[in-house]
Amino acid sequence: MSLLLFGFIAGARYNVGVDHLSYLSEYLRIQHTGHPTKETFESGFLFITNAFANSGFHFFFYFAFLAILQIGFIYYALRDRKYLLPYIGLLIMLGPYFLNWMNGIRQCIVMCFFVFLVEFIVKKKFWYYAAGILLATTMHRSALILLPVYFIFFKDYKLENNKILLLILLLCIIIGSTPTWLHIMTNLDGLLAFLGYDRYSQEIGRMVSEGLRDTAWGPSRIGLLVIDIAIIWFYPGMRDYYKDDKYLPIYFLLFLIGTYLYNLFVNTSHIFIRPIGYFTIFKLPLTAYLLYYLYSIRNNIAFWVLCIVAYTHIYFMVYKATIIHNVANETSIYKFFFDHTDALNSLLL
């Protein structure tokens, strides 16, 4: 029922997520012409899109199916840890995840699939893992960067000195606020094109010439950082509490990689932030681990403070969109497609 409800909410939306209208236009084009606008889409994505479009399904069912894939992989990955699911469900809807998943849909499906593929890292089944990564490339080519991740875990990383880990995070934030990274970016456009980010690679030259963007330290970003700090700070206790959980150390290392890289590149461009999403996605299960841990040890103050921080992100986003931007065109505000029939008709034309 959770998956179906999530699918309904995602399927019934209109212009929620920056890329939604481009996906919608592509789907409607295939329905009416039988051909996509470009032939470079990955085969898996085209197969799913053509199957729904050529069968005459309303786009509601198409987007609902894609969303069910996203949440389905997360829920299936945690099927043996159901005590985390109540926290996970709320985090998906009230944290940053829903809006992220509704944007860059193909890559977000791969991100969620990667959470499931960690199972083969734990069980040391490389060929299953490799097959999963190759399958994921049919949805988004950038999944190839995940193939070497398997070999990171030949060694057990204790990572219990939370003060050093927090110091590294601070250094990443400081370095990420300077133009250090601009000098290496001009050499990355070829790699980005190979990984499926070719339409964004042209932004590198603009970014180098215009300089870094300045990501504001507003409530949303501060709240996300507070959760990062809390996960790192409480991790030694979490590792002892979940001592039989073989997934937690892997999730934590991948989360660290994502958190450090995000803060290094946060002031560059979304073309660099998007691939980092393969690692920052592990903040989702780790936040659930953290909240369950704090509740279990009766650390009520930390539990309720972090609940407030974790479950108010979407409200800040909606407030910002309502106050600052045009609500009708704001992709952070939820809208039903059946309230925008005129706009849909214009897409058909």
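How far is the sulfur of Cys112 from the closest cysteine sulfur, and in which residue does that closest sulfur lie?

Modeller: This is a predicted model, in which local features need pLDDT of at least 70 and side-chain atom pairs count only at pLDDT 80 or more, while totals for chains, interfaces and linings use all residues. Residues are numbered from 1 along each chain as its sequence is written, and side-chain values use heavy atoms, with hydrogens and water left out.

The closest cysteine sulfur to that of Cys112 belongs to Cys108, at 6.7 Å, which is too far for a bond. A disulfide is taken here as a pair of cysteine sulfur atoms within 2.5 Å, and a search of the whole structure finds zero of them. Cys112 itself is buried, at a relative accessible area of 0%; the term means under 20% relative accessible area, with exposed over 50% and partly exposed in between (1.4 Å probe, protein chains only). Cys307 is likewise buried, at 9%.

Both Cys108 and Cys112 are touched by Trp101, where contact means heavy atoms within 4.5 Å. Leaving aside residues up to four places away in sequence, Trp101 also touches Phe6, Gln70, Ile71, Ile74, Ile92, Ile281 and Leu284. In the largest nonpolar core, which has 116 residues, Trp101 and Tyr129 touch the most other members. Helix α7 (residues 105–122) gives the most to this core, contributing 15 residues. Such a core is a set of buried Ala, Val, Leu, Ile, Met, Phe, Trp, Tyr and Cys residues joined through side-chain atoms within 4.5 Å. In soluble globular proteins, nonpolar side chains tend to be buried together.

Arg13 lies in the loop between α1 (2–11) and α2 (20–33), and counts as buried at 1% relative accessibility. Its C-alpha is 4.6 Å from that of Phe336, although the two are 323 residues apart in sequence. With residues up to four places away again excluded, Arg13 touches His20, Phe63, Met102, Ile105, Tyr334, Lys335 and Phe337.

Of its 349 residues, 53% count as buried. Among contacts with a separation of 6 or more, 76% join residues 24 or more positions apart.

Conventions: Helices (H or I, at least four residues) and strands (E, at least two) are DSSP runs, numbered from the N terminus.
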